[in-house]
Amino acid sequence: MSNLILVDMHWDIVGIVIGIFAAIAIILTVCILLVAKFCKTDPNEKVEAILSHLAGANCGGCGCSGCAGFAEKLAKGEAQLSDCHVTGDSSKAEIAGVLGIAFENAKPTVAVCRCNGGTHAKDEFSYSGAHDCVEENKLQGGHKSCKYGCMGGGTCVSVCPESAICIKEECANVDPDRCISCGACLSACPKGLFMRVPADAKVFIACSSHDKGKAVLDVCEFGCIACGKCAKTCPSGAISMVDNLPVIDYEKCIKCGKCAEVCPRHTIQTRY
């Protein structure tokens with residue numbers, strides 16, 4: 001008899017323990033559901049919050065079709081905030097807060113065209129097709145004898161949202177006062193002639209040819225012949241020769257302009 005009573009008592013205890021654990025499980029489940037309901041960030045709300053702080057230029061410089069697409073990629077972690085060069089730093093700081101990431105102010109930049117050939121570069125043939133650099137480039141790399149140079153077709157002009165680019169003497173030219181550094185021209189140019197430089201940079205290299213001196217002399221009056229005078233003259237050691245072209249380290253550049261003064265080919269252009 002005593003054994004039966006002992007067994008019954010054990011089952012009572014087990015029932016109580018099970019009841020306690022069940023109650024705890026129910027309470028925890030309710031808490032999780034409440035947290036999920038009131039603390040969860042709706043993906044769409046996150047995208048909208050990001051989009052509200054973007055510049056809204058829809059320039060495509062970030063690689064997306066527009067700001068909405070860029071906002072979605074940012075929300076998913078598939079893009080970097082630095083990919084956008086149009087949105088101001090204060091707005092980027094707000095977006096960083098939405099994303100929960102750190103943000104450091106970036107130095108302002110502008111685009112430049114790394115070519116100064118145009119009418120000063122020889123033509124290999126006469127082109128009369130579609131007035132578009134992408135299409136012309138499909139035909140033997142375009143009509144210019146220098147296959148690195150600007151074809152003057154104006155594709156960059158058509159994609160620039162601020163009308164900051166014009167064609168002068170058959171070569172693209174960027175107005176730094178209008179340029180917002182969106183990067184649309186960088187993406188559109190089939191020759192990859194555009195690059196960003198610091199907005200306060202005094203000089204830039206207006207050539208993209210990696211050919212040797214004699215080959216450049218044969219096709220362009222202003223092309224770099226890799227003489228190295230700029231690198232030798234630079235007092236701060238900001239210029240180095242890489243693959244027959246000078247490369248400027250703008251962190252070292254003191255804006256003296258001596259490189260442009262000694263360049264025999266007008267390859268190094270001054271911006272102001």
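Here is a walk through this structure, going from a hairpin to salt bridges and then to pockets.

Keep in mind that this is a predicted model, so local features need pLDDT of at least 70 and side-chain atom pairs count only at pLDDT 80 or more, while totals for chains, interfaces and linings use all residues. Residues are numbered from 1 along each chain as its sequence is written, and side-chain values use heavy atoms, with hydrogens and water left out.

Let's start with the hairpin. Helices (H or I, at least four residues) and strands (E, at least two) are DSSP runs, numbered from the N terminus. Two strands count as paired if DSSP finds at least two bridges between them. Strand β2, residues 165-168, pairs with strand β3, residues 171-174, in the antiparallel sense, and 4 bridges join them. To see this pairing in the model, find C166, which sits opposite N173 in β3. There are 2 residues between β2 and β3 in this hairpin, and E169 in the turn has a positive phi of about 50 degrees.

Now for the charged side chains. In general, side chains of opposite charge can pair when their charged atoms come close. A salt bridge here is a side-chain nitrogen of Lys or Arg within 4 Å of a carboxyl oxygen of Asp or Glu. That rule gives a count of 8 salt bridges. One of them joins E135 and K138, at 3.2 Å from N to O. How open are such residues? The scale is relative accessible area: buried means under 20%, exposed over 50%, and partly exposed in between, using a 1.4 Å probe and protein chains only. E135 is partly exposed at 38%, whereas K138 counts as exposed at 62%.

R178 and D175 make another salt bridge, with their closest N and O atoms 3.9 Å apart. R178 is partly exposed at 45%, and D175 is partly exposed at 29%.

Next, look at K255 and D200, whose closest N and O atoms are 2.9 Å apart in a salt bridge. This pair links distant parts of the chain, 55 residues apart: K255 lies in the loop between β7 (245-248) and α10 (258-262), and D200 in the loop between β4 (194-198) and β5 (203-205). K255 is partly exposed at 34%, and so is D200 at 43%. Salt bridges also link D123, K144 and E170 in a network.

Finally, the pockets. On a 1 Å grid over the protein atoms alone, a pocket is an open set of points where a 1.4 Å probe fits, with protein on both sides within 12 Å along at least five of seven lines; lining residues have an atom within 4 Å of a point. Grid points are joined across faces, edges and corners, and a volume is the space filled by probe spheres set on the points.

The largest pocket holds about 460 Å³ of space. It has 26 lining residues, and L81, S82, C84, K92 and A106 are the closest to its centre.

Of its 21 lining residues, A172, N173, V174, F204 and Q269 lie nearest the centre. Here β3 turns up again, giving the most to the lining with 4 residues, while β1, β3 and β8 (268-270) each supply at least two.
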